[in-house]
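Please examine the sequence and the model shown below. The paragraphs after them lead through selected contacts between side chains.

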Amino acid sequence: MSATVPAEAAPSWRDRALGLRDRLVSDPRFRRLAARFPPTRALARRRAGALFDLCAGFVYSQVLLACVRLRLFDLLRDGPLTAAEIAARARLPPESAARLLGAAVSLGLLDRRGGGRYGLGPLGAALPGNDGLAAMIEHHAILYADLADPVALLRDGGETGLSRYWAYAREAAPAGLAEERVADYSALMAASQAMIAEEVLDAFPGLARHCALMDVGGGEGAFLMAAAARAPALRLVLFDLPGVAARGRAALARAGLAARAEAVGGDFRAGALPHGSDLVSLVRVLHDHDDAQALALLRAAHDALPPGGRLLLAEPMAGTPGAEAMGEAYFGFYLLAMGSGRPRGEGELRAFLARAGFGRVTAPRTRVPLLVRVLVAERAG
């Protein structure tokens, strides 16, 4: 008896229209006509420019990295300088400085000013004094090295610079990692967490109604410090790997929070989360984990909360309107190189929360959803 082969579904009108578009755009004669025809000329030029930007994106990122490493944005913080002054302070040959300055102007990082001087551009103005953003830009050199052969990464995976940097990603027993193995990434997250924390807390005005906040994967306590400033009566609990928790304990003490904060070392994959907090936060943590681990973490958070307790889930999400490439392209490949996790959209995260046992879920808005979005889930009473 032969197996029945299911009939192929008839293509939809949308599929037919897209197929026609693909055939036209792939035809060189049509492309030449579109570039000359006034009604389609602007669109053809925009598409050509977008395709070129995809090819040139790595070069653009390296221009930014060079500016950060040479501290050009800090040099120009107090006012414009001439190309000769910049070359001398950055210790660059004049010709190289002129090349870099021209590139930075074209990318909106710098502006040309009167008298042959250069000042901060609309993008570069956000960088002086922003140590967290500068640290993240420097950190991307590891990712770029891992992506030197993207096909090999897709086919083979294996050990990468990012998997070594994020030491817990492929470690069977991450709780045993020594403090020196977690120091670099803990410091990076501490430096970059401040701007994320403000975004999250601005979207969560109910913080002060809670008694105790446990930040899971809390690193060196940057999110807890920001929360402490907004809710002076809030008790603080940091949960992370033992080596990270030790660094967090010291940082919280330096911030004067030792009397109201504790740091607990452990591994959620090997045991339950501590009880006693009515608010649990996961800030840029869940997308670092594969599905089984992510669901286990959400269930552990649910079990640690009392009835009526809430989970604050904050991370960049796939499918964010206006930032679609950030999710599937950037985080998709970053986490592939890291060796753990994947980007997820709001709908998928809501489904995970339901499977973990959470009830009502709300999605308060953040000002810059490209950086972080927020879901608040409640444990049923």
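**Salt bridges, aromatic pairs and an annotated region**

Arg360 has a relative accessible area of 56% and is therefore exposed; the terms used here are buried for under 20% relative accessible area, exposed for over 50%, and partly exposed in between, with a 1.4 Å probe and protein chains only. The model is a predicted one, in which local features need pLDDT of at least 70 and side-chain atom pairs count only at pLDDT 80 or more, while totals for chains, interfaces and linings use all residues. Residues are numbered from 1 along each chain as its sequence is written, and side-chain values use heavy atoms, with hydrogens and water left out.

The side chain of Arg360 meets that of Glu378 in a salt bridge, at 3.8 Å from N to O. A salt bridge is defined as a side-chain nitrogen of Lys or Arg within 4 Å of a carboxyl oxygen of Asp or Glu. This pair links distant parts of the chain, 18 residues apart: Arg360 belongs to strand S9 (residues 358–362) and Glu378 to strand S10 (residues 373–379). Helices (H or I, at least four residues) and strands (E, at least two) are DSSP runs, numbered from the N terminus. Glu378 has a relative accessible area of 25% and is partly exposed.

A search of the whole structure finds 17 salt bridges. One of them joins the side chains of Arg342 and Asp291, at 3.0 Å from N to O. The two residues are 51 residues apart and link distant parts of the chain, with Arg342 in the loop between helix H14 (324–338) and helix H15 (346–355), and Asp291 in helix H13 (residues 291–304). Arg342, at 27% relative accessibility, counts as partly exposed, and Asp291, at 33%, also counts as partly exposed. Asp291 meets Arg344 as well, in a salt bridge of 2.8 Å from N to O. This second pair again links distant parts of the chain, 53 residues apart, from helix H13 to the loop between H14 and H15. Arg344 is buried, with a relative accessible area of 1%. Elsewhere, a network of salt bridges links Glu198, Glu199, Asp202, Arg230 and Arg367.

How many aromatic pairs does a search of the whole structure find? The search finds seven. Rings of Phe, Tyr and Trp (its six-membered ring) pair if their centres lie within 6.5 Å; planes under 30 degrees apart count as stacked, over 60 as edge-to-face and the rest as tilted. The rings of Phe58 and Tyr144 have centres 5.6 Å apart and planes at 85°, so this pair is edge-to-face. Because Phe58 lies in helix H3 (residues 38–69) and Tyr144 in helix H7 (residues 131–146), the pair ties together parts that are 86 residues apart in sequence. Phe58 counts as partly exposed at 48% relative accessibility, and Tyr144 counts as partly exposed at 24%.

Trp166 and Tyr168 form an edge-to-face pair too, because their ring centres are 6.4 Å apart and their planes are at 70°. Both of these residues, Trp166 and Tyr168, are buried. One aromatic cluster is formed by Tyr165, Trp166, Tyr168 and Tyr185.

Finally, the UniProt record, in an unreviewed entry, lists residues 53–126 as "domain: O-methyltransferase dimerisation". Over residues 53–126 the chain is 57% helix and 14% strand, with the end C-alpha atoms 22 Å apart. UniProt positions are given in the numbering used here, feature names are shortened, and annotations may be inferred rather than shown by experiment.
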